Amino acid sequence: MSESALEGRFDKLVRRHAELAAALADPARLGGDFAKLSKEYSDLTPLVEKIATLKTARAERNDLAALAGEADPDMRALAAGELAALDKRLPELERQVRLMLLPKDEADERNAILELRAGTGGEEAALFATVLFRMYQRYAALHGWRFEVMDWSETGLGGYKEAIIAVSGRNVFERLKFESGVHRVQRVPETEGSGRIHTSAATVAVLPEAEEVDVHIEDKDLRIDVFRSSGPGGQSVNTTDSAVRITHLPTGLVVQQQDEKSQHKNKAKAMKVLRARLYERQRQAADAARAHSRKTQVGSGDRSERIRTYNFPQGRVTDHRINMTLYKIDKVLSGEALDEFVDALIAEDQAARLSEAE
């Protein structure tokens, strides 16, 4: 975007912010639009404040540049020092404003459905899925998020074949969305007597939680089966048919829920997961329609994409999308250092989108 076009956009946003402020000062004439306009005003405020800071800094630079041409050597030296400091600060201010102008992913502020599945590697893959489960559970706790297990399937040794979790809190999807893909582990399994390093994998899918208004589901498109819940190894959990399996006929998607004793609650949870999966399909279809932009994305979110390797013998974790390696596997798996990857992935994504916008 050219400087003149950028300045024009700045002016338009500042005018809109002033219009909203005037309108909100007289709520009586807004009718039912108050909440919508209030949110728009709130969203615009930090951007308009940052634009004001940038414009002030630019004006200050012009003044300093004029002073740098003064005859008085002391004045010139003072102005030159301040000018140098401002010239270092201005590019970062401009970058911050451009970042704030980028279109936001509407799903970033949503809660998420986190799905973990054991991949290649048999029992070791299921045990690694459990390690990832604990990592995300601790990470959620560090961020003050709620971590609710909706469904899970265990192996005989305590590994997870599958686990589905609802994670809720502030900006959950924004910080978890780049976790989607194949996570690979290299370590010596506890069951391995010869000390050989095995490679196995688990798949992570992060879906933005969808509301009923986001995805319209017709009753005629659903087949709902009820059955008796069972625990690991076929142990009976319930003596009533409270477990629910929902099949979405047009897509063939199947969701099963059995951890609640109430059939009604299990159905509600299953519908929550089904809506999230259907909503994610819609998002992926929209992304495919904008295929040119996918080239700049950090990760496609494809579940078949290998994104990270956890090497236990060397104590390292490598994210293959940004070629970043941390030699602190324990802190990553405890959730403490996971933000280092998350922050780097978000920054890389922002840089790619900024480059595309210019």
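Modeller: Lys 269 has a relative accessible area of 12%, and since buried means under 20%, Lys 269 is called buried. Please keep in mind that this is a predicted model.

Biologist: What makes the pair of Lys 269 and Glu 148 a salt bridge?

Modeller: The closest N and O atoms of Lys 269 and Glu 148 are 3.3 Å apart, and the criterion asks for a side-chain nitrogen of Lys or Arg within 4 Å of a carboxyl oxygen of Asp or Glu, so the pair qualifies. The bridge links distant parts of the chain, with Lys 269 in helix 6 (residues 263-289) and Glu 148 in strand 2 (residues 146-154), 121 residues apart.

Biologist: Why is Glu 148 called partly exposed?

Modeller: Its relative accessible area is 23%, and partly exposed covers values between the 20% limit for buried and the 50% limit for exposed, so Glu 148 takes that label.

Biologist: How do you know that Arg 16 forms a salt bridge with Glu 19, and how are the two placed in helix 1?

Modeller: The closest N and O atoms of Arg 16 and Glu 19 are 3.6 Å apart, which lies within the 4 Å cut-off. Because they are three residues apart in helix 1 (residues 3-24), Arg 16 and Glu 19 are separated by about one helical turn. Arg 16, with a relative accessible area of 31%, is partly exposed, and Glu 19, at 47%, is partly exposed too.

Biologist: Are Asp 319 and Arg 321, whose side chains meet in a salt bridge, buried or exposed?

Modeller: Asp 319 has a relative accessible area of 0% and Arg 321 has 15%; buried means under 20%, so Asp 319 is buried and Arg 321 counts as buried. The N to O distance of this bridge is 2.7 Å.

Biologist: Why does Thr 247 count as buried, and with which residues is Thr 247 in contact?

Modeller: Thr 247, found in strand 7 (residues 243-248), has 8% relative accessibility, and therefore counts as buried under the 20% limit. Leaving aside neighbours within four places in sequence, Thr 247 is in contact with Asp 221, Leu 222, Arg 223, Leu 253 and Val 254.

Biologist: What makes Met 75 partly exposed, and which patch includes Met 75?

Modeller: Met 75, in helix 3 (residues 73-101), has 34% relative accessibility, so Met 75 counts as partly exposed. Together with Leu 67 and Leu 78, Met 75 forms a nonpolar patch on the surface, with about 240 Å² of accessible area together.

How values were computed:
Residues are numbered from 1 along each chain as its sequence is written. This is a predicted model: local features need pLDDT of at least 70, side-chain atom pairs count only at pLDDT 80 or more; totals for chains, interfaces and linings use all residues. Side-chain values use heavy atoms; hydrogens and water are left out. Helices (H or I, at least four residues) and strands (E, at least two) are DSSP runs, numbered from the N terminus. Buried means under 20% relative accessible area, exposed over 50%, partly exposed in between (1.4 Å probe, protein chains only). Contact means heavy atoms within 4.5 Å. Patches are made of residues with over 30% relative accessible area and no salt bridge: like charges are joined within 9 Å, nonpolar side chains (Val, Leu, Ile, Met, Phe, Trp, Tyr) within 5 Å. Accessible areas come from the Shrake-Rupley method with a 1.4 Å probe; for residues, only the protein chains shown count as cover.
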